[in-house]
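Hi,

Here is the structure I promised to pass on. Have a look at it first, and then read my notes below.

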Amino acid sequence: MKRRLILLASIVLAAACSQKAPDIEKQIDAILSQLTLEEKIAMTHAQSKFSSPGVPRLGIPEIWCTDGPHGIRPEVLWDKWSQAGWTNDSCTAYPALTCLAATWNPEMSRLYGESIGEEALYRRKTILLGPGVNIYRHPFGGRNFEYMGEDPYLSGRMVVPYVQGVQSKDVAVCVKHFALNNDEIHRHTVNVNVDDRTLYEIYLPAFKAAVTEGGAWSVMGSYNLYNNEHLCHNKKILVDILKGEWGFDGVVVSDWGGCHDTGQAVRNGLDLEYGTWTDGLTMGATNAYDNYFLAKPYLDGIKSGKYGTDELDDKVRRLLRLQFRTNLAEGRGHGRFVCPEHSAAARRIAGEGIVLLKNEGGVLPVKDAKKILVVGENAVKMLTVGGGSSSLKVKYELSPLAGLKARFPDAEVVFERGYSSGAAVVQDGVSAKFDLAESRTPEQMVADAVAAAQDADYVIVFGGLNKNKLQDCEGKDRVEYGLPYGQDALVEALAATGRKLVFVNISGNAVAMPWAGSVPAIVQGWYLGSEAGNALADVLSGDVNPSGKLPFTFPYEMKDGPVFTEEQYPGIQREGEDIFDEYYSEGVFVGYRWYDAKGVKPMFAFGHGLSYTSFEYGDASVSGRKLSVSVKNTGDVVGAEVVQLYIGDSECSVPRPVRELKGFRKVFLQPGESAKVTFDIPDEALSFFDADAHKWVLEPGEFTACVGSASDDIRSSVKFTVK
Ligand code: BGC
């Protein structure tokens, strides 16, 4: 017996030392043949809130997962969501993914992926539960802040380097939430009805890029239903598309509590079940994990002949492959945690993602300020806390107020709260490092802010949403497009003082700004993580010239947008059932595709973002399938412009958007410097998905290539013909 154990252990060890794919596959075969049925079953489901078993007698490690996309989640208790109270798990918080997308710079994605990958590795995690690339469909979406915006091309280009960066550290990503999880309100019971063309053109491309180009090692099924099947065990999405069409050889992980049926889980592509306890199944039983759908019910089903073992072997093979890619990877390193390099990365990404939405009269950057009045709860509230599963326990979070005080040591920087959200001091088990108790009335807070503004050179308001429930938070959508907590009245009162007013909107969603016309400077400040204060001070002071561009549209009003009927959102409840049917009847006309088609002017368009310098575009020209255009920095400070390429199909057998993003490049230019930017125009950039033929089709004819600084700021267009 002893000899046999040693032999098996050495199989694993030998495999660990060899990373060549065919070798790994052979080692997997060898291990698979040694595993008992019970050991295989054990590997397919959780043993605790965030871990699943290995095979101890063979030295196959456990799998440990961690949220999330923006930082490494603190340890929780074995069986509970509550924090475990460890003192070594306070992480670096990176900007939320909307901010990363707003950099429009794939290099920032790579930096992000590598940095967060190192933090996950240091914490000895196997799988990082992110990134999220669900398309921003509607400004109420509670988790839009965790995703990469409304455009499949932008999300696709930005997700690939993130995936590769994380996985270069021998930590797997888990791309989520696959698929069609575009709102939170009925996330466990909503059945999405979407046509195939829209599915393939809008909702799948970012996932596909993460898998086929990024090489993602795991994917998380989402909570909702599609084709009346939950997406954690959905035949069409997981078996036919993900594992079939895209050749995915990694692991499908259920979202926590997203598995509902053993037979479907066995056959429809789920490999690893997590969190089932969380939806109440045998809640409180000591053997809860044995009752998971892929635990005893699966074992019993195999023993009784209800299920065969081919599916199980496939699942275990995938899990072992994941092990060789991560825990057992040759030379797996140790990672780094909360180091100066990670802080610098977080600050750089944040600085590149902040978007200057408006800057009338060049109010920004702040100069010659003797007194700066900082107003708004978001100047002091910990915004790394809250929001749901991406909530973090951070080593530090520099607030905007602290950042401005540090950047302007010679100015008097004073704070007035202006409004209160009634935020709890302790949220998600983390204590905010600021006493948020407030006894003044809303009117008094506004009056105090106005009084303090009278002799201020600048008034900078940090408002927006705040990751509280209903304000950019998992599990719940927003319920109003307007800003909460009486912020409109505050901003209007401050605008009336005539001081140089700047509104910094902290959110991962578009919000209404009815006062936008009377506020000279507006900045989109996202959720920026540990370095929030520094990054905002960098941009407001002009140390960093803003170069972020919006990854989604800000309409003036909700009714301007593509989703406005109950059928579209939140869906119609079926009689006598829990299920809501949601109809994506806007089709491919999501985000700017809708506003352009309807000729509706948004408040701030997709791709919009200003700079402290200016850029001049030359005439675009197309030769063959290459487009070139020159861009010049015509101002007097160094800056970066995101040159955007949109393509429109003038005549087509199906209705197509006026134009769609098909390329972008961020160029850094010195004052007076020019650059020539070239884009390839591959067939994919011109094709649409023909649902009947189930393939991408390029219809010959005339196309228009538009180059610009935003989707509504096209600087040069050129027509070209495809024969
Ligand atoms: C969320 C996932 C998350 C998981 C684990 C779920 O509720 O939807 O995004 O990764 O919990 O925390």
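E531 is buried, with a relative accessible area of 6%, where the cut-off for calling a residue buried is under 20%. Bear in mind for this and everything else below that the model is predicted. You'll find E531 in the loop between β18 (521-524) and α17 (532-541). Pick out G351 as well: along the sequence it is 180 residues from E531, yet the two C-alphas are 9.4 Å apart in space.

Now the ligand. It has 15 residues around it, and the closest are D67, R143, H177, Y223 and D255. Sorted by class, that shell is made up of 7 charged, 6 nonpolar and 2 polar residues.

- Y223 has a side-chain N or O atom 2.7 Å from an oxygen atom of the ligand.
- D255 also puts a polar side-chain atom 2.7 Å from a ligand oxygen.
- E474 has a polar side-chain atom 2.8 Å from an oxygen atom of the ligand.

How much of the ligand's accessible area does the protein cover? On its own the ligand has 310 Å² of accessible area, and the protein covers 97% of that.

While you are in that part of the sequence, look at S222. S222 sits in the loop between β7 (218-221) and β8 (225-226), and with 0% relative accessibility it counts as buried. Its side chain has two partners to show you. One is the backbone oxygen of A179, reached at 3.0 Å. The other is the side chain of N224, with which S222 makes a polar contact at 2.8 Å.

T66 is another buried residue, at 2% relative accessibility. T66 belongs to strand β2 (residues 63-66), and its side chain reaches the backbone nitrogen of R73 at 3.3 Å.

On to the salt bridges. The count for the model comes to 51, and I'll go through a few of them.

R137 and E582 meet through their side chains in a salt bridge, with 3.7 Å from N to O. R137 lies in the loop between β3 (127-128) and α6 (152-167), while E582 is in strand β20 (residues 580-583), so this pair ties together parts that are 445 residues apart in sequence. Are the two partners buried or exposed? R137 is buried, at a relative accessible area of 4%, and E582 counts as buried too, at 1% relative accessibility.

E213 and R157 form another salt bridge between their side chains, at 2.8 Å from N to O. E213 is in helix α8 (residues 205-213) and R157 is in helix α6, so here the pair ties together parts that are 56 residues apart in sequence.

R440 is partly exposed, with a relative accessible area of 27%, and E438 counts as partly exposed at 28% relative accessibility. Which residues are linked with R440 and E438 in a network of salt bridges? E377, E416, R417 and D448 are linked with them.

Last, helix α6, since R157 lies in it. α6 has 16 residues and reaches 22 Å from its first C-alpha to its last, close to the 22 Å expected at 1.5 Å a residue. The helix is mostly covered, with 13 of its 16 residues buried. At the start of α6, look for D151: one of its side-chain oxygens reaches to within 2.9 Å of the backbone nitrogen of Y153.

Cheers

Technical notes:
Residues numbered from 1 in each chain as written. Predicted model: local features only at pLDDT ≥ 70, side-chain atom pairs only at ≥ 80, totals over all residues. Heavy atoms only, no water. Near = heavy atom within 4 Å. Polar contact = N/O pair within 3.5 Å; in protein donor to acceptor, adjacent residues only side chain to side chain. Areas by Shrake-Rupley, 256 points an atom, 1.4 Å probe, with all protein chains shown as cover. Nonpolar A, V, L, I, M, F, W, Y, C, P; charged D, E, K, R; others polar. Salt bridge = Lys/Arg side-chain N within 4 Å of Asp/Glu carboxyl O. Helix = DSSP H or I, 4+ residues; strand = E, 2+ residues; numbered from the N terminus. Buried < 20%, exposed > 50% of the residue type's maximum accessible area, 1.4 Å probe, protein only. Expected span 1.5 Å × (residues − 1).
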